Amino acid sequence: MHNKDGYSGWAYARVAALVGELMNLLGHTEQADPLATSCSVNLEDYRKVKLHIPALRGPEAICLDACFGLAVRHPLRDLGIELLFDREESFYPILKKMMKQYDRGRGVWWASYVSSITEVEDMRESPEIQASDLLAWLANRYYTHGSGEKWGRWFFGTFLVKKHYHRHIDEQVLLSLFDLDGSMKPDVQLPEVRIRAPFSERN
């Protein structure tokens, strides 16, 4: 989308055709009940709330909380969640730090579900990461630029190719989630999402 590296000079129509082919490919994969979760935080709203709640956790941690709230309810979660990150992914060091805090008894609630954290050497060996990036990027584009924007309008197509749960967090949501000391409010209810067991597990 940013016309860099091997995509330098590509016109929108050519990029859109490639994205369309990728979406079609995702829709025809036979993976067992894949679940896509993504989250975006309005950074302008975040900075505004941060003035009133100085201890508010970072946007990356908030997104991880939101995504794990859905992922740990997957029927196969007891096997352990393996996290894969692209090289130089900004989430990677943040998550590693959060996991170290868990080892010291101060970690986040979902840390016990994580069995491994790996940073891949070559993104071509992990196409699932690129697929996740595509779905999340289109969702974020919709919430930051609107449904009429050339990439924002692709957002609804992500629901057709695979189950995709996205949470957009703005000022109102932040104030509803966190107390003034930065801790999550005790009466917060995670959104109800029914997740089917994979086909192979049902038979």
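## Reading a predicted chain, step by step

Tutor: Let's start with confidence. The model is predicted, and its chain averages a pLDDT of 78, with 81% of the residues scoring at least 70.

Student: Where in the chain is confidence lowest, and where is it highest?

Tutor: Helix α8 (residues 199–202) has the lowest confidence, at a mean of 37, while α2 has the highest, at 95. Over residues 192–203 the pLDDT stays under 50, and for these residues the model has 24 contacts beyond four places in sequence.

Student: Thanks! How many helices and strands does the chain have?

Tutor: There are eight helices and four strands.

Student: What share of the residues is buried?

Tutor: Of the 203 residues in the chain, 34% are buried. The accessible surface of the chain comes to about 12900 Å², and carbon and sulfur atoms account for 52% of that surface.

Student: Let's look at one helix. How many residues does α5 have, and what distance does α5 reach?

Tutor: Helix α5 covers residues 127–145, which is 19 residues. From its first C-alpha to its last it reaches 27 Å, close to the 27 Å expected at 1.5 Å a residue.

Student: Which residues in α5 are buried?

Tutor: Look for Ile 129, Ala 131, Leu 134, Leu 135, Leu 138 and Ala 139. Then move on to Gly 146, which follows α5 and has a positive phi, near 95 degrees.

Student: Is Asn 3 buried, partly exposed or exposed?

Tutor: Asn 3 is partly exposed, as its relative accessible area is 34%. Asp 5 also has a positive phi, near 55 degrees, and is a residue other than glycine. Asp 5 lies in the segment before α1, and a relative accessible area of 74% makes it exposed.

Student: Now for charges. What can side chains of opposite charge do?

Tutor: They can pair when their charged atoms come close. This structure holds two salt bridges.

Student: Which residue meets Lys 48 in a salt bridge?

Tutor: The side chain of Lys 48 meets that of Glu 171, at 3.5 Å from N to O. This pair links distant parts of the chain, 123 residues apart: Lys 48 is in helix α2 (residues 43–52) and Glu 171 is in helix α7 (residues 171–177). Lys 48 is partly exposed, with a relative accessible area of 37%, and Glu 171 is partly exposed too, at 27%.

Student: Which residue forms a salt bridge with Arg 141?

Tutor: That one is Glu 149, and the closest N and O atoms are 3.0 Å apart.

Student: Is Glu 149 buried or exposed?

Tutor: Glu 149 has a relative accessible area of 13%. Buried means under 20%, so Glu 149 counts as buried.

Note on methods. Residues numbered from 1 in each chain as written. Predicted model: local features only at pLDDT ≥ 70, side-chain atom pairs only at ≥ 80, totals over all residues. Heavy atoms only, no water. Buried < 20%, exposed > 50% of the residue type's maximum accessible area, 1.4 Å probe, protein only. Helix = DSSP H or I, 4+ residues; strand = E, 2+ residues; numbered from the N terminus. Expected span 1.5 Å × (residues − 1). Areas by Shrake-Rupley, 256 points an atom, 1.4 Å probe, with all protein chains shown as cover. Salt bridge = Lys/Arg side-chain N within 4 Å of Asp/Glu carboxyl O. pLDDT = per-residue confidence, 0-100. Contact = heavy atoms within 4.5 Å.
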